[in-house]
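Me: I would like to go through the salt bridges and the pocket of a protein model. Please show it, then take my questions in turn.

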Amino acid sequence: MKWLFPLCLSMALLAGAAGADETRDAPAPDGLRLGGTISQTQSAAPIAGEPRDSGREVRSYPEQPPVIPHAIRDYQVDMRVNQCLNCHSREQAVSAGAPMVSITHFMDRHKQVLAAVSPDRYFCTQCHVPKTDATPLVPNRFKSVEEVINEALRERQEAGQ
């Protein structure tokens, strides 16, 4: 019985060594970045650039966080500094020509109004993302509420005729 474990272990090692040569350069599984083999290191896709037009985007659904229409690459947002508030705070919004932070950002989780931005809402990029010219990684079939309602009305009218 003492010899059974070392025998199984040595057989597994021999089988693994023989199979390792065959699969060393096997095709890598295709994820979002296609092609390549397991042993290859491919370069990452280029980072998407900021779009040329900076303006407010139409929201797709109620309560959707607005998209940030400008570059924020070197903005400092940490526990001590939030550079977004340099323009979007109550005091600076009018002179900066930027929209003020929503009043909901001044409420805690119990809906108590605070004098400053709530710690729950302090890190802007937790909900808001910069607008880019990136191509989607996967197909998107999202429809706005208006499109869904109009489609349902059309189908109802066609079924009634």
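Reply: A residue counts as buried when its relative accessible area is under 20%, as exposed when it is over 50%, and as partly exposed in between. Note that this is a predicted model.

Me: Is lysine 131 buried or exposed?

Reply: The relative accessible area of lysine 131 is 11%. The cut-off for a buried residue is under 20%, so lysine 131 is buried.

Me: Which residue does lysine 131 meet in a salt bridge?

Reply: Side chains of opposite charge can pair when their charged atoms come close. Lysine 131 sits in the loop between α3 (93-96) and α4 (145-160), and its partner, 74 residues apart, sits in the loop between α1 (4-23) and α2 (85-88). The N to O distance is 2.9 Å, and the residue is glutamate 57.

Me: How many residues apart in sequence are aspartate 120 and arginine 109?

Reply: The side chains of aspartate 120 and arginine 109 meet in a salt bridge of 3.5 Å, N to O. Both aspartate 120 and arginine 109 lie in the loop between α3 and α4, so the pair ties together parts whose separation is 11 residues.

Me: Is arginine 109 buried or exposed?

Reply: Its partner aspartate 120 is partly exposed at 38%. Arginine 109 has 62% relative accessibility. The cut-off for exposed is over 50%, so arginine 109 counts as exposed.

Me: How many residues in the lining of the largest pocket are nonpolar?

Reply: The largest pocket holds about 1,400 Å³ of space. Its lining has 41 residues, and Pro65, Pro66, Val67, Ile68 and His128 are the closest to its centre. Of the lining residues, 13 are polar, 6 are charged, and the nonpolar ones number 22.

Definitions and conventions
Residues are numbered from 1 along each chain as its sequence is written. This is a predicted model: local features need pLDDT of at least 70, side-chain atom pairs count only at pLDDT 80 or more; totals for chains, interfaces and linings use all residues. Side-chain values use heavy atoms; hydrogens and water are left out. On a 1 Å grid over the protein atoms alone, a cavity is a set of points where a 1.4 Å probe fits but cannot get out, and a pocket is an open set with protein on both sides within 12 Å along at least five of seven lines; lining residues have an atom within 4 Å of a point. Grid points are joined across faces, edges and corners, and a volume is the space filled by probe spheres set on the points. Ala, Val, Leu, Ile, Met, Phe, Trp, Tyr, Cys and Pro count as nonpolar, Asp, Glu, Lys and Arg as charged, and the others, Gly among them, as polar. A salt bridge is a side-chain nitrogen of Lys or Arg within 4 Å of a carboxyl oxygen of Asp or Glu. Helices (H or I, at least four residues) and strands (E, at least two) are DSSP runs, numbered from the N terminus. Buried means under 20% relative accessible area, exposed over 50%, partly exposed in between (1.4 Å probe, protein chains only).
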